[in-house]
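Subject: Structure handover and findings

Dear colleague,

I am passing on the structure below, followed by an account of what was found in it. Please read the account with the coordinates open beside you.

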Amino acid sequence: MYKILAVDDEPFNLDLIELAFSEIENIIVETAIDGKDALDKIYSKSPKYYNTVLLDLSMPIKNGFDVLKELKNNDIYKFLPVIVVTANNEEKHNALRLGANDFLSKPVDIEELKSRTLNYCKLSQFQYKLDDINQVLEEKVKERTLKLQKALEVAKETEYEISERLGKASEFRDLETGMHIKRMSHYSAKLAELAGLPKDEVEIILHASPLHDIGKVGIPDNILLKPGRFEQKEFEIMKMHTTIGGKILEGAEKYPVISAGKIIALQHHEKIDGTGYPNGLKGDEIHIYAKIVAIADVFDALTSKRVYKPALDLDVAIGIMKDGAGTHFDSTLLELFFNNINEFLKIRDIFKDESSETPSILNLIEEGRI
């Protein structure tokens, strides 16, 4: 069923249009006596209610030009076909410039009126159906996109979960406290954020940093759990946890967190001056992820209790780390860390250990425990 809106201030012209379509079963003709009346009727219906508007130009209140401007500047109605019916050729050309789809000259040829109007009705009906199909397709695309986003989110969460659980696996074999992983991963993320890394990389570091010591699962218990100072041979074996960690996490390039974890596991004991291990990297050869985690890891080790040592006073820990600026640690990152120390102390307070008193301080750096 096609619906036509005929707009004219002359009742005779409206009667003529109604009579022209009276014998066509699938057409309904509605009328409006001026531009305001026409717009009121168009806006009171659904956007796809009318198939064609037959529009006179010279009318009171709102003329045909006003109606054209308003309809063609409205995204909802700009594709509604408008056929201008006028006796003035100059008006006809102005109307076409304003967006009228076609014109008919007065006095109107009835057969031409019917054929052109029917053609535009069919065209609009086709356009409406096409719009409906596009809308359905858009909804389908949104639905599929949402499902894909959810699937990607689940995949990401799964990767994060795997990373955290692998990090916990190294904890169970070490003497470190349960909250160490939480603290140092949040320290790392905060430092990455302060260093201006993109949000997605900050998130990657948060979830990849727990993998820094995953290689300790390959270190013998008699070395890993030794309460005293390492002998040189023992220390050499202990240093292998970096390469073991790299081996465990290699071949996972399509997984951003695991791939970053490999870098961190391999490089978090490298030092800026090249005296670190396992590869003696220095300066810019060390990935920024590893530089960040090195600072976070050492800070937590120095300021936290272990079964083999109490926590150092904050000032003492800061002094030790500052002594390593430019040799052990990246100077810029270390300065950024301590310039924002309150942010890191807040993290420390959130993830406090519930551990008992511990015995004496050991030289952590010499023993290779940090």
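Please keep in mind throughout that this is a predicted model. I begin with helix α2, residues 35–44, and helix α3, residues 64–72, which pack with their axes 9 Å apart and at an angle of about 25 degrees. Angles under 35 degrees count as roughly parallel, and α2 and α3 are therefore roughly parallel to each other. Their crossing is right-handed, and the contact is made by Gly35, Leu39, Ile42 and Tyr43 on the side of α2, with Val67, Glu70 and Leu71 on the side of α3. By class, the residues of this contact of α2 with α3 comprise five nonpolar, one polar and one charged.

A second pair to look at is α6 and α7, whose axes come within 8 Å and cross at roughly 160 degrees. Since angles over 145 degrees count as roughly antiparallel, α6 and α7 are therefore described as roughly antiparallel to each other. The crossing in which α6 passes α7 is right-handed. In α6, the residues Ser185, His186, Ser188, Ala189, Ala192 and Glu193 meet Val202, Ile205 and Leu206 in α7, and the contact of α6 with α7 has five nonpolar, three polar and one charged residues.

The crossing of α12 and α14 is right-handed. From α12 the contact takes Ile288, Lys291, Ile292, Ile295 and Phe299, and from α14 it takes Leu333, Leu334, Phe337 and Phe338. The residues of the contact of α12 with α14 divide into eight nonpolar, no polar and one charged.

Turning to the nonpolar cores, the largest has 36 residues, and those with the most contacts inside it are Leu197, Ile292, Ile295, Phe299, Met321, Phe337 and Phe338. Two or more residues are given to this core by each of α6 (180–194), α7 (199–208), α11 (256–267), α12 (288–303), α13 (314–323), α14 (331–339) and α15 (341–350). Of these elements, α12 gives the most to this core, with eight residues. If its neighbours within four places in sequence are left aside, Met321 is in contact with Ile295, Val298, Phe299, Leu302, Phe329, Leu334 and Phe338. Apart from this core lies another, of 22 residues, among them Tyr50, Val53, Met59 and Phe65.

Most residues other than glycine have a negative phi, and most peptide bonds are trans. The peptide bond that joins Lys106 and Pro107 is cis, with omega at about -5 degrees, and Pro107 lies in the loop between β5 (102–105) and α5 (110–173). A cis peptide bond also runs from Tyr277 to Pro278, with omega near 10 degrees, and Pro278 is found in the loop between α11 and α12. Ile61, although not a glycine, has a positive phi of about 65 degrees; Ile61 lies in the loop between β3 (52–56) and α3, and at 63% relative accessibility Ile61 counts as exposed.

Finally, there are two further loop residues. Val108 is found in the loop between β5 and α5, and with a relative accessible area of 23% Val108 is partly exposed. Leaving aside its neighbours within four places in sequence, Val108 is in contact with Val85 and Leu113, while Val108 and Ala87, which are 21 residues apart in sequence, are 9.1 Å apart in space from C-alpha to C-alpha. Gly215, in the loop between α7 and α8 (221–224), is buried, with a relative accessible area of 0%. Not counting residues up to four places away in sequence, Gly215 touches His241, Ile244, Gly245 and Ile248. The C-alpha atoms of Gly215 and Lys114 are separated by 83 Å, and these two residues are 101 residues apart along the chain.

With kind regards

How values were computed:
Residues are numbered from 1 along each chain as its sequence is written. This is a predicted model: local features need pLDDT of at least 70, side-chain atom pairs count only at pLDDT 80 or more; totals for chains, interfaces and linings use all residues. Side-chain values use heavy atoms; hydrogens and water are left out. Axes are lines fitted to C-alpha atoms, for helices over the stretch in contact, and angles run from 0 to 180 degrees between N-to-C directions. Helices (H or I, at least four residues) and strands (E, at least two) are DSSP runs, numbered from the N terminus. Angles under 35 degrees count as roughly parallel, over 145 as roughly antiparallel, 65 to 115 as roughly perpendicular and the rest as oblique. A crossing is left-handed if the near helix is turned anticlockwise from the far one by less than a right angle, and right-handed if clockwise. Contact means heavy atoms within 4.5 Å. Ala, Val, Leu, Ile, Met, Phe, Trp, Tyr, Cys and Pro count as nonpolar, Asp, Glu, Lys and Arg as charged, and the others, Gly among them, as polar. A nonpolar core is a set of buried Ala, Val, Leu, Ile, Met, Phe, Trp, Tyr and Cys residues joined through side-chain atoms within 4.5 Å. Buried means under 20% relative accessible area, exposed over 50%, partly exposed in between (1.4 Å probe, protein chains only).
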